[in-house]
Amino acid sequence: MKYSLGEIAKALGATVHGDETLVVTGVNEPAACGPDQLAMAIKPEFAETLADGQAQAAMMWDGADWRAFGLKAAIVAPRPRFAMAGLSGMMDPGQGYGSGVHPSAVVDPSAKIGANVTIGPLAVIGPEAVIGDNSVIGPHCHVGWNARLGAGAVLHSGVKIGARVTIGDRFVAQPGAAIGGDGFSFVTPEPSGVEKARESLGAEGATDAQQWARIHSLGGVTIGNDVEIGANSCIDRGTVRDTFIGNGVKFDNLVQIGHNVVIEDDCLICAQTGVAGSSKIGRGTVLGGQTGISDNLNIGENVITGGGTVVLSNIPAGRVMLGYPAMKMETHIEVYKGLRRLPRLFRDVSLLRKSVSNGESNT
Amino acid sequence: MKYSLGEIAKALGATVHGDETLVVTGVNEPAACGPDQLAMAIKPEFAETLADGQAQAAMMWDGADWRAFGLKAAIVAPRPRFAMAGLSGMMDPGQGYGSGVHPSAVVDPSAKIGANVTIGPLAVIGPEAVIGDNSVIGPHCHVGWNARLGAGAVLHSGVKIGARVTIGDRFVAQPGAAIGGDGFSFVTPEPSGVEKARESLGAEGATDAQQWARIHSLGGVTIGNDVEIGANSCIDRGTVRDTFIGNGVKFDNLVQIGHNVVIEDDCLICAQTGVAGSSKIGRGTVLGGQTGISDNLNIGENVITGGGTVVLSNIPAGRVMLGYPAMKMETHIEVYKGLRRLPRLFRDVSLLRKSVSNGESNT
Amino acid sequence: MKYSLGEIAKALGATVHGDETLVVTGVNEPAACGPDQLAMAIKPEFAETLADGQAQAAMMWDGADWRAFGLKAAIVAPRPRFAMAGLSGMMDPGQGYGSGVHPSAVVDPSAKIGANVTIGPLAVIGPEAVIGDNSVIGPHCHVGWNARLGAGAVLHSGVKIGARVTIGDRFVAQPGAAIGGDGFSFVTPEPSGVEKARESLGAEGATDAQQWARIHSLGGVTIGNDVEIGANSCIDRGTVRDTFIGNGVKFDNLVQIGHNVVIEDDCLICAQTGVAGSSKIGRGTVLGGQTGISDNLNIGENVITGGGTVVLSNIPAGRVMLGYPAMKMETHIEVYKGLRRLPRLFRDVSLLRKSVSNGESNT
């Protein structure tokens with residue numbers, strides 16, 4: 001990759017100050033920059049270390065005095081973090097999966113492979129699968145029977161797409177992601193301890209020994225456009241209808257999405273979060289790392305959960321939640337302040353009781 | 001798949017009302033049903049949407065007035081959710097892995113492959129491995145040296161079974177499951193900070209820098225009949241003896257089972273649950289999603305934990321538990337009610353102190 | 001494996017009592033020992049079951065009266081648990097991956113393969129990858145473009161190493177581990193609800209619908225010597241610089257390490273723990289199972305967290321922490337004692353209020 005500052009600024013809708021013909025071959029942190037790298041000095045505290053490196057140019061905040069840092073040029077964007085999205089895309093050297101269908105890949109003759117598709121070594125494309133134009137299928141990927149990938153997909157190594165999974169355009173899957181495993185759905189011949197405990201709020205859970213019978217997952221998974229899924233994350237197929245993921249949803253690593261779940265557009269689901277069967281997550285919601293959503297819940301639009309939040313009941317739209325079980329963030333902060341002062345409260349009440357009982361005996 | 005209602009009812013031990021010669025080719029939700037699909041209208045609220053679809057027949061609850069919904073027939077089962085297990089098994093089109101041993105699979109000549117076994121593309125069967133009759137090994141699966149799978153196994157794509165793992169009949173493994181990784185067992189030359197902290201209940205954890213030496217896992221994993229394991233879940237091998245999983249145990253996705261763990265028959269382990277080394281889970285226990293069980297604990301039979309429960313001590317049989325750390329569910333409900341009212345309690349006590357100290361100064 | 005007790009004791013720096021020419025072929029628990037196995041009777045309670053097995057020799061604690069248990073010999077080590085590390089290494093039969101490069105493996109001609117390297121069936125070694133001497137690459141592993149593995153690596157089946165990942169000597173990776181997936185880094189054109197909620201501490205999270213733009217991960221992952229990573233665990237690449245893992249760090253299964261994280265030497269990271277982007281973990285720290293570390297935090301050296309600890313702020317060196325959110329372990333124990341007595345406290349305060357208001361009305 002080699003770009004002049006002028007080319008970069010044009011692509012990002014940003015402004016160059018200084019020498020726009022200067023060419024850079026990559027980006028780096030200010031202190032580690034070589035002379036041909038663009039320094040990422042998007043905040044004053046980052047810029048302080050420019051002198052430790054050899055950068056001649058930097059991406060900086062609006063109003064930065066770039067000359068004072070000894071630079072020949074600076075790119076200034078109104079929201080530098082957003083500009084970083086475009087810049088990092090230009091500079092990404094990729095994974096080097098090559099091009100065309102590798103001779104060691106096993107592609108079923110009934111599969112439909114689009115134009116300009118890369119299929120990496122030892123990938124398996126099943127019968128009647130469809131791979132959209134310009135897609136890249138990494139090594140050891142499996143695309144199952146009758147699964148459909150839209151245009152511009154990138155599957156990194158060892159991704160598994162099950163039968164009858166339907167995915168839109170520009171899908172990205174990190175290594176080891178598994179889409180279309182069977183839902184976790186088992187039933188006992190007689191009502192189980194769990195069913196009884198839910199009805200009685202915990203008073204009666206135990207029950208006679210019973211074996212679990214499997215409910216097969218007949219549905220698939222339907223995924224919209226511009227979805228990304230993290231390494232070793234899992235999305236299960238639905239029981240009767242498809243599990244559904246809207247457009248623009250991004251999943252981090254080791255996320256678990258149960259059967260029949262619905263996730264609306266533009267949600268952000270952070271690492272190790274789990275959403276149990278049949279729950280629904282409204283548009284634009286952000287679930288922090290290790291969030292747990294119980295089954296059959298309704299989470300509104302634009303909800304935010306902090307890390308480790310355990311959600312056992314519905315959440316209205318727009319709420320910011322934290323804790324176990326989930327509370328509004330400001331309630332949580334107040335409650336946990338109290339929790340830390342709880343030992344003192346016990347002492348205070350104990351003293352009060354003494355002074356009241358003394359007071360009473362005195363009267 | 002094509003079945004008459006009479007055939008389905010016979011297989012499920014259910015009753016047909018109306019035209020039992022009607023043929024269906026699949027199942028669907030009532031509102032989405034085509035004319036040749038059986039509607040899943042097992043509760044009155046589901047049946048309300050029958051009119052939005054084209055179903056001519058439905059599976060319904062006992063006593064449902066099927067004619068009132070314009071149907072030609074209904075299948076009625078005493079426990080429809082249980083009937084769904086059999087019905088979904090009949091209707092499952094599967095993953096289309098084909099039959100026989102794919103020419104691209106690498107099967108060691110010393111492996112023993114049973115009758116009627118499918119081995120998918122690019123699977124690897126190691127030396128002296130044994131695959132039982134009627135098993136299906138998906139693409140990219142690895143069955144290691146001297147591992148043994150009983151009859152009727154189904155391994156979905158990318159499942160990894162390590163050396164010397166022994167598994168009973170009818171095993172099902174979802175994509176990416178890993179059985180037989182090494183246990184997480186490391187030891188320092190001198191007692192470590194963790195050992196000290198456990199002895200002193202946290203008073204002293206820090207210690208001089210030490211390196212961790214690996215304790216190799218010499219044991220394997222022994223798994224009973226009718227076990228199912230979820231996508232990207234892990235079961236580690238034992239240190240000296242085998243990690244042990246009983247009959248009928250079902251694991252959801254992204255579950256972690258540590259070395260030397262014993263899980264007795266018919267347990268249900270929901271997604272993202274972790275059971276640390278050497279703990280024992282009694283028969284019929286259900287661990288809710290994201291439950292954590294600390295190491296060396298004893299969890300009784302028929303215990304139920306709610307989502308996100310963190311278990312740091314033993315649990316007697318039959319308990320329903322929730323919270324961090326785990327409490328009896330009714331205690332948890334009462335405690336958390338109190339937690340939310342904690343800020344008010346602080347205010348009340350503060351007022352009391354004032355009024356008592358005023359009272360005292362007045363007397 | 002066949003060793004005399006004398007050979008074993010010499011390798012471990014331990015002492016033999018009795019017949020040092022006795023040969024053993026493996027180790028076992030006392031009750032399950034055959035006559036040619038060494039019993040692991042390193043504590044008195046383990047030794048009690050020696051009579052149920054056929055062991056002629058045992059590893060025992062210092063001062064054990066081995067003759068009283070009917071043994072012909074005993075190996076005594078000053079810290080038997082540490083001796084187990086060396087002994088288990090000697091006795092480990094391994095996974096039987098064979099030797100040399102399997103003909104089904106796909107090795108790019110530009111890759112540099114060291115001396116005495118095993119590459120298992122259907123593994124893929126990408127362009128310009130470097131594999132150090134004496135390494136073992138299991139079946140279905142992928143080592144990406146320009147990735148570097150030091151000497152003596154062991155990758156178990158299905159491990160994925162992304163492009164430009166650099167790893168030191170004696171690396172061990174359990175099945176399905178994924179190193180070098182892209183970081184989870186997305187940005188909206190305008191400040192998002194999460195940014196607003198962080199600034200306002202939760203008062204305002206909701207925002208207009210926006211789409212997430214991807215920040216590509218241009219950095220790699222740098223890993224030191226003697227690191228081990230568990231099954232299906234994930235380490236993401238950095239945004240600009242590399243994610244960094246020091247020497248001697250051990251990761252359990254299903255662990256998530258976000259982009260730009262720094263983990264210093266000799267940390268132990270237990271199963272299902274997550275460390276979010278750009279956080280730093282000091283040397284010798286031990287994170288218990290299911291610990292969550294929020295992003296951009298600084299965790300000191302020799303910290304210990306208990307199972308399920310949720311860390312939302314920095315932790316000074318040497319602390320032992322527990323709870324959600326994390327507290328010092330002794331505070332947590334006191335607080336949770338209070339929590340269980342909370343319902344009683346409410347009753348006490350309610351009674352106090354009555355008696356005070358009665359008292360007041362009486363005066």
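This briefing describes selected features of a predicted model. Chain A is divided into three parts: domain 1 (3-91), domain 2 (99-182 + 217-260) and domain 3 (262-363). For the "active site", an unreviewed UniProt entry lists His259(A).

**Domains of chain A**
- Domain 2 of chain A is made of two segments, 99-182 and 217-260.
- The C-alpha centres of domain 1 of chain A and domain 2 of chain A lie 37 Å apart.

**His259(A)**
- His259(A) is located in the loop of chain A that runs between β28 (256-257) and β29 (262-263).
- With a relative accessible area of 14%, His259(A) is classed as buried, because the limit for that class is under 20%.
- Leaving out residues up to four places away in sequence, His259(A) touches a set of residues that includes Gly183(A), Phe184(A) and Ser185(A).
- Also among the residues touched by His259(A) are Asp236(A), Arg237(A), Gly238(A), Thr239(A) and Thr243(A), together with Gly277(A) and Ser278(A).

**Thr291(B)**
- Thr291(B) is placed in the loop between β33 (286-287) and β34 (292-293) of chain B.
- The relative accessible area of Thr291(B) is 0%, so this residue is buried.
- Apart from neighbours within four places in sequence, the contacts of Thr291(B) include Gln272(B), Thr273(B), Gly274(B), Thr305(B), Gly306(B), Gly308(B) and Thr309(B).
- Thr291(B) is also in contact with Gln290(C), a residue of chain C.

**Nonpolar surface patch on chain B**
- Val101(B), Val107(B) and Ile113(B) make a nonpolar surface patch of about 190 Å².
- One of these residues, Val101(B), is found in the loop between α3 (80-91) and β8 (106-107) of chain B.
- Val101(B) has a relative accessible area of 45% and is therefore partly exposed.

**Cis peptide bonds**
- In chain A, the peptide bond from Tyr324(A) to Pro325(A) is cis, with omega near -10 degrees.
- Pro325(A) lies in the loop between β38 (320-322) and β39 (327-328) of chain A.
- In chain B, the bond from Tyr324(B) to Pro325(B) is cis, with omega near -10 degrees.
- Pro325(B) belongs to the loop between β38 (320-322) and β39 (327-328) of chain B.

**Positive phi angles**
- Asp226(A) is not a glycine, yet has a positive phi of about 60 degrees.
- The position of Asp226(A) is in the loop between β23 (221-223) and β24 (228-229) of chain A, and its relative accessibility of 28% makes Asp226(A) partly exposed.
- Arg164(B), although not a glycine, has a positive phi of about 60 degrees.
- Arg164(B) sits in the loop between β17 (160-161) and β18 (165-167) of chain B.

Notes
Residues are numbered from 1 along each chain as its sequence is written. Chains are lettered from A and ligands numbered from 1 in the order in which they are written. This is a predicted model: local features need pLDDT of at least 70, side-chain atom pairs count only at pLDDT 80 or more; totals for chains, interfaces and linings use all residues. Side-chain values use heavy atoms; hydrogens and water are left out. Domain bounds come from an automatic or database domain assignment. Patches are made of residues with over 30% relative accessible area and no salt bridge: like charges are joined within 9 Å, nonpolar side chains (Val, Leu, Ile, Met, Phe, Trp, Tyr) within 5 Å. Accessible areas come from the Shrake-Rupley method with a 1.4 Å probe; for residues, only the protein chains shown count as cover. A salt bridge is a side-chain nitrogen of Lys or Arg within 4 Å of a carboxyl oxygen of Asp or Glu. Helices (H or I, at least four residues) and strands (E, at least two) are DSSP runs, numbered from the N terminus. Buried means under 20% relative accessible area, exposed over 50%, partly exposed in between (1.4 Å probe, protein chains only). UniProt positions are given in the numbering used here, feature names are shortened, and annotations may be inferred rather than shown by experiment. Contact means heavy atoms within 4.5 Å.
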